[in-house]
Amino acid sequence: MGWSSWNQFGVEINEKLIIETIDAMVSNGMRDAGYIYVNLDDGWQQDKGKRQNKALDYDKEKFPRGITFLSEYAHKNGMKLGIYSGPGETTCAGFSGSLGYEKQDADMFASWNVDHLKYDSCCSHKDASKQELKEIFYKMSKPLIDNPKDIVLHACHCGWEDIWEWAGDIGANHWRIGQDISDDFDYSENREDYYFDVLDMLDRGDGLEEFNKPGQWNDFDMLVVGLNGESKELVGAGASNIEYRAHFSLWSILATPLLTGTDVRNLDAYTLETLTNKEVIALNQDPLGKQAKTVKKTGKIHVLAKPMSDGSWAVAMLNRGSETQKISIDWKQDLGLDWDEVHVRDLWKHKDMGSFSTNYDDEVISHQAVVLRIYPGK
Ligand code: GLA
């Protein structure tokens, strides 16, 4: 869990923004809710274009005191710092990449004491085989593994060549399952023939449950909660509070990285409440690390569920349609649970809803997700 600079700010990042972001996450409760990583995405680098036999360097105007200063600042505040590069001659925004300099860069990131690396291919190497791709990512993964500093590796490759099947084997900790998310809940097409909205991304990850496990995560992309169509970089018209809350509920129950992409210095009360609902976050952070499965999909009704480490189950009842619908979960039939009595808790209402013998239902408004935790017994 953490924050990443891209979705809201694009390459317009600097030291002041990162420090203010850390301070805000400490004071608004996000850090204590679990958001620990503060990740610089593309745009921290000094040079554009092909590497000229030089070390990668940070932009001296944007980051006058350097990256180590920021990692120290993050650590002092109980947080971690992430950085960004890629296996090309250039990164997606045209800055110099790590191709041919992987070990040198890995060692330098470690010497800067960073804790996370997003290593982004920008959907390149279209014709490369799985084996070639493995080698490309392993060139960066190996020196990171060899280095005594622990660095989480995000292998970002647009979900191509079934990356979920092999990225964990070469030491990646999470991998994007698709192209970039757009700031839309349910846009009719793929914007610019490229972007996925929230529901597209949800569907793209359906069936990938077996590849999600502690330390190896399917990454449904950074959250768009709270962007409200105002991103400097992402396309999209924004979504309603209800839709952003449904998006957050889904990403939580899917146990995918929760990387907030919005400006956390100015969050309105509703957005902050969405991002810091500890009962919903607990689904994301559960030690079993299970990605919820679709257990029912009829018309516009979509129900996902997963087992939790304490023996309870988490359930999300999503209404994908435009009309209010009654959605029901039947634990014997839908979840195969032999429970004669079930205690239901609603995680957005923060309320125990009582005990039920066969099923529980609720009125779910358009694009809302009702999130439940169900326990056997009273
Ligand atoms: C790609 C990635 C984004 C972001 C940009 C940076 O588009 O998918 O998440 O990192 O590159 O240029």
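Hi everyone, thanks for coming. One caveat before we start: this is a predicted model.

Let's begin with the ligand. Which pocket holds the ligand? The ligand sits in the second largest pocket, whose volume is about 270 Å³. That second largest pocket has 19 lining residues, with Trp6, Cys92, Asp120, Asp180 and Tyr194 nearest its centre. Sorted by class, its lining has eleven nonpolar and eight charged residues, and no polar ones.

Now for the shell around the ligand itself. Its members include Trp6, Tyr84, Cys92, Ala93, Arg176 and Met222. By class, six residues of the shell are charged, five are nonpolar and none is polar.

A polar side-chain atom of Asp42 is 2.8 Å from a ligand oxygen. Lys118 has a side-chain N or O atom 2.8 Å from an oxygen of the ligand. For Asp120, a polar side-chain atom lies 3.1 Å from a ligand oxygen. As for burial, the ligand taken alone exposes 310 Å², and the protein buries 92% of that.

On to the other site. The largest pocket holds about 460 Å³ of space. Its lining has 19 residues, and Met1, Tyr37, Trp217, Pro257 and Gln285 lie nearest the centre. Strand 2 (37-39) and helix 11 (278-285) each give at least two residues to that lining. How many charged residues does the lining of the largest pocket have? There are no charged residues there, but ten polar and nine nonpolar ones.

Methods. Residues are numbered from 1 along each chain as its sequence is written. This is a predicted model: local features need pLDDT of at least 70, side-chain atom pairs count only at pLDDT 80 or more; totals for chains, interfaces and linings use all residues. Side-chain values use heavy atoms; hydrogens and water are left out. A residue is near a molecule or strand if one of its heavy atoms lies within 4 Å of it. A polar contact is a pair of N or O atoms within 3.5 Å; within protein, one must be able to donate a hydrogen and the other to accept it, and residues adjacent in sequence count only if both atoms are side-chain atoms. Accessible areas come from the Shrake-Rupley method with a 1.4 Å probe; for residues, only the protein chains shown count as cover. On a 1 Å grid over the protein atoms alone, a cavity is a set of points where a 1.4 Å probe fits but cannot get out, and a pocket is an open set with protein on both sides within 12 Å along at least five of seven lines; lining residues have an atom within 4 Å of a point. A molecule sits in a cavity or pocket if more than half of its atoms lie within 2 Å of its grid points. Ala, Val, Leu, Ile, Met, Phe, Trp, Tyr, Cys and Pro count as nonpolar, Asp, Glu, Lys and Arg as charged, and the others, Gly among them, as polar. Grid points are joined across faces, edges and corners, and a volume is the space filled by probe spheres set on the points. Helices (H or I, at least four residues) and strands (E, at least two) are DSSP runs, numbered from the N terminus.
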